[in-house]
Amino acid sequence: MPRPNHIPSTAPSHTPLASSAAATLLAALVLLPLLGHKPLADWDEAIYAEASREMLANGHWLVPHWNLQPWFEKPPLLMWITAALYKLFGVSEFTARAASALSGIAVVGLLHSWFARNRDTLTAWLSTVILLATFGFLHVCHAGETDVLLSLGCVIALIGLTEIDERNPTGWYLFWIGLAIAVMTKGAAVVVLPLSALFFATLQRWSLARFGRAFWLGLALFLLLVLPWHLAMYHLFGRRFLAEYLGLHVMARATQQIEGHATPWWYYFKVLLVSAPPFVLLFPSAIAHALYPNPNPNPNPNPNPKTVISTEAQRSGETCNFEPPPSRETRNYNLRAFAIFSLVVLCFFTLIKTRLPHYIAPAYPALTALTAAYIADKLKPILTQHRPASFWARLTAATAAVWVASVLLTAPARKNLHSATLADGATLPDNKDSIALLRDAFRHPQPIPGPLLLWRQGRIMSIATDVVYSRRQVQQVELLPSPPVTPTDRYTFNPEPLNEAVTPQPRLILLDKALVPQIPAGFRYTPIQSGKTVELGSIVRTR
């Protein structure tokens, strides 16, 4: 039964389904190929991949582990999905990134399906094409990180808010389920969703009647999905869990620029310019189009309005006319939730001191939805006119040319945006040589047991890829003990003195070739395999 104010479409009922299936297939063809064509990146991608592998290998499904130690920096939903994919298809770069790609396919299909059912197929296909042509979205879909699964939860929640605004109470279930997915994916980062919902409800002047039975049942479902894991972690680890869960990677990133990510306040304007050309030029108009819709958006008002004679009019002998309420196809304000969310994401992460390109990834689907609706509304008057095929061919060619030109123009800046150079000018060390060596050396299990010792020059060098490609615990070592006041970090600098880490039993060690002559007397080192700059060998203490 159609909802109030909704004029049923005369199109066949199977059209939205077929259109959505085609869009989902297109997304799969774009996002799935080449997922495993390059090694995992240091930091987050390698960390999530290893936490998922240890979850499967050691059975730590409740408590994520990294480097054989409990790891609480992120909730486990992405790791659960990746571990399940490992179980089904084996451990590889492809399966480590598959959860992100599949989430991206789900985002494309969900937006397309929702627009096809509730607006029109033109808007649906515009949303699909724009999203799959947005490099910021493509980049996060090809990275085995949390951003796309978080985006999926946000899209579900925003659709729920829009349905609630259309007086469909089942939208509360979508909102709470989307929020639960987001919370179990990236924890504190989902503060943007409740903020957006609060601003949206205030702008739309929701009354308490909106918060009925479905609201409370949805809230109960949310708590059922979110609370058990969090309570179990606090029960097992107490303040240690809270300190890590809400510590460095939440409070510190919000209050200071860490890890060399020094950026100006306008950083995300640059990110959008190079990650979403040329559609970024339409984002301001699309947001305004949703926030301040045309008060009479129906381009073809009913020429024969019904005549209604009210009781008062009957008494006075007057009549008054009214038109049927506009259909969903002509109502622009139903995307206000997407507009508010986009602004909240951009403003919130601008205020945070540590800024990275992928932080605003959840805004891409929302901005795409707004832009698709904006373009569709501008095209509809043209579509009602008879135009020759040559007109549409020229329009398509011109659009493609603008897209290609903008892509080529922003390519150098986009490459730098995701390069190993930090925003403060520092360059992260190249780990390609060590990855190649470890992949080859540990293709089959090494007979020497124990952790892999890592001795490298320089301190700012993540060990995440060393852990994931050696498939064993990694312990950093140094020749002399560091001063007691030296800050340590589990990912870049957490060493033990060499004479304490090496035992009378052989240990594997990965070290820079330049450090081999510095191995002191009292140790016997035997090289096993050599790369261009690093070497894998066994080391044993002889005295």
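**Close-up 1. Lining of the second largest pocket in the predicted model.** The lining consists of 21 residues, and those nearest the pocket centre are L126, I375, L379, L395 and T399. The largest share comes from α18, with seven residues. By residue class, the lining of the second largest pocket holds 18 nonpolar, two polar and one charged. The volume of this pocket is about 740 Å³.

**Close-up 2. The cis peptide bond between P277 and P278.** The bond joining these two prolines has an omega of about -10°. P278 belongs to the loop that runs between α13 (267–275) and α14 (283–291).

**Close-up 3. R205, a residue other than glycine with positive phi.** The phi value of R205 is near 60°. This arginine sits in the loop between α9 (192–203) and α10 (213–237). R205 has a relative accessible area of 75% and is therefore classed as exposed, the cut-off being over 50%.

**Close-up 4. R471, a non-glycine residue with positive phi.** Phi of R471 is about 55°. The loop that holds R471 lies between α20 (464–470) and β6 (474–478). With a relative accessible area of 47%, R471 counts as partly exposed, because this value falls between the 20% and 50% cut-offs.

Note on methods. Residues are numbered from 1 along each chain as its sequence is written. This is a predicted model: local features need pLDDT of at least 70, side-chain atom pairs count only at pLDDT 80 or more; totals for chains, interfaces and linings use all residues. Side-chain values use heavy atoms; hydrogens and water are left out. Helices (H or I, at least four residues) and strands (E, at least two) are DSSP runs, numbered from the N terminus. Buried means under 20% relative accessible area, exposed over 50%, partly exposed in between (1.4 Å probe, protein chains only). On a 1 Å grid over the protein atoms alone, a cavity is a set of points where a 1.4 Å probe fits but cannot get out, and a pocket is an open set with protein on both sides within 12 Å along at least five of seven lines; lining residues have an atom within 4 Å of a point. Grid points are joined across faces, edges and corners, and a volume is the space filled by probe spheres set on the points. Ala, Val, Leu, Ile, Met, Phe, Trp, Tyr, Cys and Pro count as nonpolar, Asp, Glu, Lys and Arg as charged, and the others, Gly among them, as polar.
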